[in-house]
Amino acid sequence: MMMEVAGNRLLFDYGFTASKPPAFPERAPPMDALFVTHCHLDHSGLVPEATRRHMAPVHTTNLTSEISEMLWYDSIKIANIEGNVFPFKSEDVKMAFRSIEPMDFGDEVEMMGATVRAHSAGHIPGAVMFEVVSDEVSLFTGDLNNRATRLVNGARPVPCRNLFIEGTYAGREHPDRHELELELLDRIDDVVYRGGHVILPAFAVGRSQELILMLEDSGHEVWLDGMGKRVSRSYLDNGHFLRSRGSMRAADRQVSYVKSESGRDRAKEADVIVTTSGMLEGGPVGSYLRALAGDPKNAVFLTGYQVEGTNGRLLMDDRVVKLDGDVIKVDAELEYFDFSSHAGHSDIVRFIKQCDPETVVVMHSGHPEQLAEDPELEGYEFILPETGKPFTLPG
Ligand SMILES: [Zn+2]
Ligand SMILES: [Zn+2]
C-alpha cells in the first residue's frame with residue numbers, strides 16, 4: 001500500500017505471491033520511505049526491486065531484515081531452478097540490505113509533518129504494525145495476531161482514526177490453540193508408540209520454531225531440517241522479539257539439526273521430523289516423503305494452510321504428492337492441523353473495537369465483506385480497497 005501523508009509518499013510492504021509461477025504486483029511508484037511489516041514473501045519479497053528503482057530508506061526490525069535477506073536469495077535460487085524470470089538479482093539484495101534502517105518496537109521515524117512508530121503485530125517474531133501520526137492517527141497492521149502463541153505475545157490495540165487491518169480469516173475462526181496442540185501431541189504419541197515416524201512439514205519462518213517449542217517436553221527424538229535451522233539461529237540471536245528467549249533456547253537444545261545427507265538418513269529413523277517446505281513445494285520434505293510416506297505406520301501432519309495448486313493441497317485432496325516428476329502415493333496417516341498465525345474473525349472484530357477507529361480499511365483478504373457486514377461492527381465506516389484504485393480517507 002502506498003500512503004500519501006503530509007506530502008510524504010510511504011510504501012507499506014512490497015511483496016509477491018510465491019505461486020507457480022510467482023505472481024508480481026504493479027511496479028512500485030516512487031517513494032520517500034518503505035516500511036516493511038515482516039519477512040513473509042507476500043510482504044517483503046520485492047523490496048530489492050523497489051529499492052533498485054527508487055533510492056529510499058527501508059524501515060523494519062533487524063530480525064525481519066535478516067530473515068528477508070535469506071528469503072530474497074532463496075527466491076532468486078528457486079527462480080533459477082524453475083527457469084522463471086525474476087525481477088531482481090543478488091546485487092539488488094545487497095543494495096536493499098544497505099538501505100535498511102532497523103527499528104525496535106516503540107521506535108519512531110520522524111518525517112516532515114509525520115511520525116511513524118513501530119508496535120508488535122504478534123504474527124511472527126519481529127513483525128511490526130506501523131502507527132502513522134500526522135493530523136490524525138492511522139494504524140497499518142500488516143499480518144496480525146492478537147492472541148499469544150508459544151513463540152510471540154499477541155498484538156495490543158492502538159487507538160487510531162484510520163485502521164488498515166488484515167482480513168485473511170474474515171468469516172472464519174480458528175480452533176483453540178491449546179486444545180489443538182494437545183490433539184497434535186496425542187496423535188504424535190500414537191504414531192511413535194506403534195513404531196512409526198511423524199513428518200511435520202512446516203514453514204521455515206515461525207511455524208518450525210513453534211512446533212519445536214511445543215515438542216520440547218514430549219520426550220520424543222526430534223530433528224529439524226531445511227531453512228528453519230537458520231531461522232531458529234536468527235530468533236535466538238534476536239531473542240527480545242520472542243515471547244521467551246529462554247524457552248526457545250531450551251527447546252532448541254532438545255532438537256537435532258540435519259547438517260548432512262547421513263544426518264538426513266539418521267533423521268528418517270527419528271520419532272519426529274520438522275522440515276520445510278510447509279506446502280511440500282521443494283525443500284528436504286520430499287526426501288522424507290519418499291522414505292516414509294508409503295508406510296501406514298507413519299504419519300504426515302500438515303501444520304499450515306495449503307494453497308490451491310501446491311503439492312500439500314494435492315496430498316490433502318488426492319493422497320498423492322509429485323516429487324521430481326514421480327507421483328508418490330501416501331499411505332501414511334494424514335491430518336491437517338490449523339496452526340495459523342493470523343487473527344480469526346472474532347479476534348479481528350475485537351481488535352477493531354479496541355482500536356475504535358472511525359474508518360476501517362480491510363486488506364489482505366478474500367472476504368473483506370464478512371467484516372464490513374458483521375452486525376457487531378455497525379457504525380464503523382468500511383473501505384474495501386481494490387488493487388490499483390486510489391482512495392481518499394474521509395476526515
Ligand atoms: Zn505473514
Ligand atoms: Zn501476509
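Biologist: Which residues touch the most other members of the largest nonpolar core?
Modeller: In this predicted model, Ile188 and Leu200 do, within a core of 86 residues. A nonpolar core here is a set of buried Ala, Val, Leu, Ile, Met, Phe, Trp, Tyr and Cys residues joined through side-chain atoms within 4.5 Å, and buried means under 20% relative accessible area, exposed over 50% and partly exposed in between, with a 1.4 Å probe and protein chains only.

Biologist: And which helix gives the most to this core?
Modeller: Helix H3, residues 62-82, gives 7 residues; helices (H or I, at least four residues) and strands (E, at least two) are DSSP runs, numbered from the N terminus. Domain 1 (2-172 + 341-383) and domain 2 (177-336) both give residues to the core, so it lies between them, the bounds coming from an automatic or database domain assignment.

Biologist: What is Ile188 in contact with, leaving aside its neighbours within four places in sequence?
Modeller: Ile188 is in contact with Val198, Leu200, Met214, Leu215, His220, Val272 and Phe301, where contact means heavy atoms within 4.5 Å.

Biologist: How far apart are the centres of the two domains?
Modeller: The centres of domain 1 and domain 2 are separated by 28 Å, taken over C-alpha atoms. Their contact takes 25 residues from domain 1 and 22 residues from domain 2.

Biologist: Back to H3, then: at what angle do the axes of H3 and H7 cross?
Modeller: The axes of H3 and helix H7 (residues 228-237) cross at roughly 165° and come within 10 Å; axes are lines fitted to C-alpha atoms, for helices over the stretch in contact, and angles run from 0 to 180 degrees between N-to-C directions. The two helices are therefore roughly antiparallel, a word used for angles over 145 degrees, with under 35 roughly parallel, 65 to 115 roughly perpendicular and the rest oblique.

Biologist: Which residues meet there?
Modeller: Leu63, Glu66, Ile67 and Met70 in H3 meet Arg230, Val231, Ser234 and Tyr235 in H7.

Biologist: New topic: which residues of H12 are buried?
Modeller: In helix H12 (residues 345-355), they are His345, Asp347, Ile348, Val349, Phe351, Ile352 and Cys355. Among the elements they pack against are strand S8 (128-133) and helix H13 (369-372).

Notes: Residues are numbered from 1 along each chain as its sequence is written. Chains are lettered from A and ligands numbered from 1 in the order in which they are written. This is a predicted model: local features need pLDDT of at least 70, side-chain atom pairs count only at pLDDT 80 or more; totals for chains, interfaces and linings use all residues. Side-chain values use heavy atoms; hydrogens and water are left out.
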